[in-house]
Amino acid sequence: MAMNAVSPIVGPYRTAFGPDGDPPAHITVRGLCKEFQGDVIYQDFNLDIPRGKFSSIFGPNGCGKSTLINLISGLIPLDRGTILFGGKTLSETRIGYVFQNYREALFPWMSAFDNIRYALKLRKVPEPEATERVNRLVSRLGVKLDLTRYPYGMSGGQQQLVSIMRALVVEPEVLFLDEPFSALDYEMTLFMREQLQKIFEETGTTMVLVSHDLEEAVYLADYVLLLSRRPARIADFPHVPMARPRNDLTLADTGFVELKSHCLRIFQREVHR
C-alpha cells in the first residue's frame, strides 16, 4: 500500500482496500453511530478492514477502541449503521473473541483441553469430532502445553494462550483481541506476542487487535488504525511493510522506527486537539 495514497473515505492513507492490488476488504463498516448517555462515540463512521491481514487499533484513552470491536463483533448494539463481513451479516460469520481478563474468561473447573473444546460444544459439535479438532489445532500450532492442567495451575500467559486457542478452534473468519496482554508481565507479554505472530502466520485469519502499546500495535500488525478523540474518526491507517516473521531486529529497523514515530506524531496531535 502506497504511503501517500489518498483515501476516498478519510485521511492521507487509503482505507478502502482492493482496487489497486491491496487485499480486499473483509469487514465493511458504513455510517456507524453510537452514543452512551448522550456522549457521542461514533458518528457516521466508515471503515474497511482487509481480509487475511492483522490490523491493530490505537488511539487516545477513551476514544472508543474496545467499543469499536465490540460493536463490530455484536457484543454491544449499534445505534445506526451497517457492518458486513465480506458481504455477509454477523450471524452468517464465524468470529472469535479474546478478552483482556483471561482469568474470568476460562472456566476454573475445566481442564485447559475442556476449556478449548467447550467452544465447539456450544456449537453442538459431536464430542469425538470436537476432541479431534482440538488435537488437530494443538498439533498445527505446535503448542507444547499440558492441556490436562486446570487454569489455576497455569501462568497468565499460558491461560491467555488457552483463551486464544479456544477462540481459534471454531475456525473463525475474524479473530478480535481486546488488549489481550495488558494484564501480563513484560516477559510473558513478549512470549505471547511471538505466539500470536506464529498463530497468525499459520492460520491466515483476519485479526483485529486493540492495543494501548504503540510499539506492540506496529510490531504485530499489517495495518495500524489510528483513531482520534471522540467522536472517533480515522486519523490515519498506515501499512506496516516489515517482513514476517518479526523479531528483535525489527524494532531497530529504520522503516519500523520511522513508522512508529509517524504514528506517535499522529497520536500526539489527536491527544492535544
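This is a predicted model: local features need pLDDT of at least 70, side-chain atom pairs count only at pLDDT 80 or more; totals for chains, interfaces and linings use all residues.
Reader: Which hand does the crossing of α3 and α5 have?

Author: The crossing of α3 and α5 is right-handed.

Reader: What makes the contact between α3 and α5?

Author: From α3 come Ala112, Asn115, Ile116 and Ala119, and they meet Val162, Met165 and Arg166 of α5. By class, five residues of this contact are nonpolar, one is polar and one is charged.

Reader: How do you know that α5 and α6 are roughly parallel?

Author: The axes of α5 and α6 (residues 186-203) cross at roughly 20° and come within 10 Å of each other. The limit for roughly parallel is under 35 degrees, and α5 and α6 are therefore placed in that class. Their crossing is right-handed.

Reader: Which residues make the contact between α5 and α6?

Author: On the α5 side they are Gly157, Gln160, Leu161, Ile164 and Leu168; on the α6 side, Met188, Met192, Gln195 and Ile199. Six residues of this contact are nonpolar and three are polar, with no charged residues. Gly counts as polar in this scheme.

Reader: What lines the largest pocket, and how much space lies in it?

Author: The space is about 390 Å³, and 17 residues form the lining. Tyr97, Phe99, Ala119, Arg166 and Ala167 are the lining residues nearest the centre of the pocket. Two of the names return from the helix contact: Ala119 of α3 and Arg166 of α5.

Reader: How does the lining of the largest pocket divide by class?

Author: Twelve of its residues are nonpolar, three are polar and two are charged.

Reader: Which peptide bonds are cis, and where do their prolines lie?

Author: One joins Arg230 and Pro231, with omega about -5°. Pro231 is in the loop between β8 (223-227) and β9 (234-236). Another runs from Arg244 to Pro245, where omega is near 0°. Pro245 is in the loop between β9 and α8 (248-252). Most peptide bonds are trans.

Reader: What makes the phi of Gln37 worth a remark?

Author: Most residues other than glycine have a negative phi. Gln37 is not a glycine, yet its phi is positive, about 50°. Gln37 sits in the loop between β1 (25-36) and β2 (39-50).

Note on methods. Residues are numbered from 1 along each chain as its sequence is written. Side-chain values use heavy atoms; hydrogens and water are left out. On a 1 Å grid over the protein atoms alone, a cavity is a set of points where a 1.4 Å probe fits but cannot get out, and a pocket is an open set with protein on both sides within 12 Å along at least five of seven lines; lining residues have an atom within 4 Å of a point. Grid points are joined across faces, edges and corners, and a volume is the space filled by probe spheres set on the points. A crossing is left-handed if the near helix is turned anticlockwise from the far one by less than a right angle, and right-handed if clockwise. Helices (H or I, at least four residues) and strands (E, at least two) are DSSP runs, numbered from the N terminus. Contact means heavy atoms within 4.5 Å. Axes are lines fitted to C-alpha atoms, for helices over the stretch in contact, and angles run from 0 to 180 degrees between N-to-C directions. Angles under 35 degrees count as roughly parallel, over 145 as roughly antiparallel, 65 to 115 as roughly perpendicular and the rest as oblique.
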